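Please read them alongside the model.

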Amino acid sequence: MGSAGDVQNIMKLADQKLDGTEDFGEHLKVLPTNDQVKELQTILRDRNTTRNDFKFYADRLIRLVIEESLNQLPFTKCVVTTPTGAKYQGLKYQRGNCGVSIVRSGEAMEQGLRDCCRSIRIGKILVESDADTHEARVVYARFPEDISSRKVLLMYPIMSTGNTVIKAIAVLKEHNVAEENIILSNLFCTPFAAKSVMAAYPQVCSINLNND
């Protein structure tokens with residue numbers, strides 16, 4: 001799930017906690033911590049966990065966040081016929097969804113999205129920070145041509161300041177993506193980053209892993 005530096009950042013951020021959502025806006029959604037999530041977090045925090053195991057269990061956490069992000073997409077009612085001939089009142093995704101990963105760490109979440117949505121289109125944004133000013137700037141962006149009419153799952157697993165995500169959302173808005181059509185999928189996030197992103201773009205739906 002990235003370089004050794006990324007792993008160290010994850011460990012530092014995992015020790016911080018989103019104490020509640022009241023200060024982060026109504027569109028921040030924190031996944032509840034159950035025993036399974038607690039076990040996965042324990043493995044990731046264990047200094048004796050091997051790199052291969054770290055990646056395996058990080059991918060499991062990514063899958064949980066992706067699944068909840070997909071749950072925020074719009075559905076329409078449909079009726080299908082079962083093998084026994086019965087009618088089943090069900091749901092299906094509305095068409096017009098895509099993913100966008102923030103390079104490079106966001107690319108670690110792409111496979112989790114493809115595992116759930118095999119044919120989904122995925123764009124990319126590369127944002128770099130100035131070494132002196134820490135100001136984020138966009139180096140590269142590639143999106144589906146009709147992204148302005150799509151719901152966008154923006155994937156970025158680690159947020160420390162929120163600057164990179166804020167810049168990425170700004171680029172999406174420059175491409176006429178409505179703020180309320182952006183779903184941010186994130187694993188580890190500092191309270192400062194959560195407040196910064198939600199203050200800048202309060203209509204963005206942010207899905208975060210519950211860190212404790």
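1. Basis of the note. This is a predicted model, in which local features need pLDDT of at least 70 and side-chain atom pairs count only at pLDDT 80 or more, while totals for chains, interfaces and linings use all residues. Residues are numbered from 1 along each chain as its sequence is written, and side-chain values use heavy atoms, with hydrogens and water left out.

2. Overall make-up. The protein holds six helices and eleven strands, where helices (H or I, at least four residues) and strands (E, at least two) are DSSP runs numbered from the N terminus. Of the 212 residues, 44% are buried; the term stands for under 20% relative accessible area, with exposed for over 50% and partly exposed for what lies in between (1.4 Å probe, protein chains only). The accessible surface comes to about 11500 Å², and 46% of this belongs to carbon and sulfur atoms; the areas come from the Shrake-Rupley method with a 1.4 Å probe, and for residues only the protein chains shown count as cover. Among contacts (heavy atoms within 4.5 Å) between residues at least 6 apart in sequence, 66% join residues at least 24 apart.

3. The largest nonpolar core. A nonpolar core is taken here as a set of buried Ala, Val, Leu, Ile, Met, Phe, Trp, Tyr and Cys residues joined through side-chain atoms within 4.5 Å. The largest has 29 residues, of which Val100, Ile147, Leu154, Met159, Val165, Ile169 and Leu172 touch the most other members. At least two residues of this core are supplied by each of β4 (97-103), β5 (121-129), β7 (151-155), α5 (163-174), β9 (182-186) and α6 (191-200), and the largest share, five residues, comes from α5. A second, separate core of 27 residues includes Val65, Ile66, Leu113 and Leu209.

4. Helix α6. Which residues of α6 are buried? They are Ala193, Ala194, Ser196, Val197 and Met198, and what covers them includes β1 (28-30), β8 (158-159), α5, β9, β10 (188-189) and β11 (205-208). Lysine 195, also found in helix α6, is partly exposed, with a relative accessible area of 42%. The C-alpha atoms of lysine 195 and leucine 28 are separated by 9.6 Å, although the two residues are 167 residues apart along the chain.

5. Glutamate 110. This residue is found in helix α4 (residues 110-116), and glutamate 110 is buried, with a relative accessible area of 10%. Not counting residues up to four places away in sequence, glutamate 110 touches Ser101, Ile122, Lys124 and Met155.

6. Backbone details to check. A cis peptide bond, with omega of about 10°, joins valine 103 and arginine 104, and arginine 104 is found in the loop between β4 and α4. Asparagine 176, though not a glycine, has a positive phi of about 65°; asparagine 176 is found in the loop between α5 and β9 and counts as exposed at 59% relative accessibility.

7. Valine 138. This residue is found in strand β6 (residues 136-142) and counts as partly exposed at 30% relative accessibility. Not counting residues up to four places away in sequence, valine 138 touches Ile125, Leu126, Val127, Lys167 and Val171.
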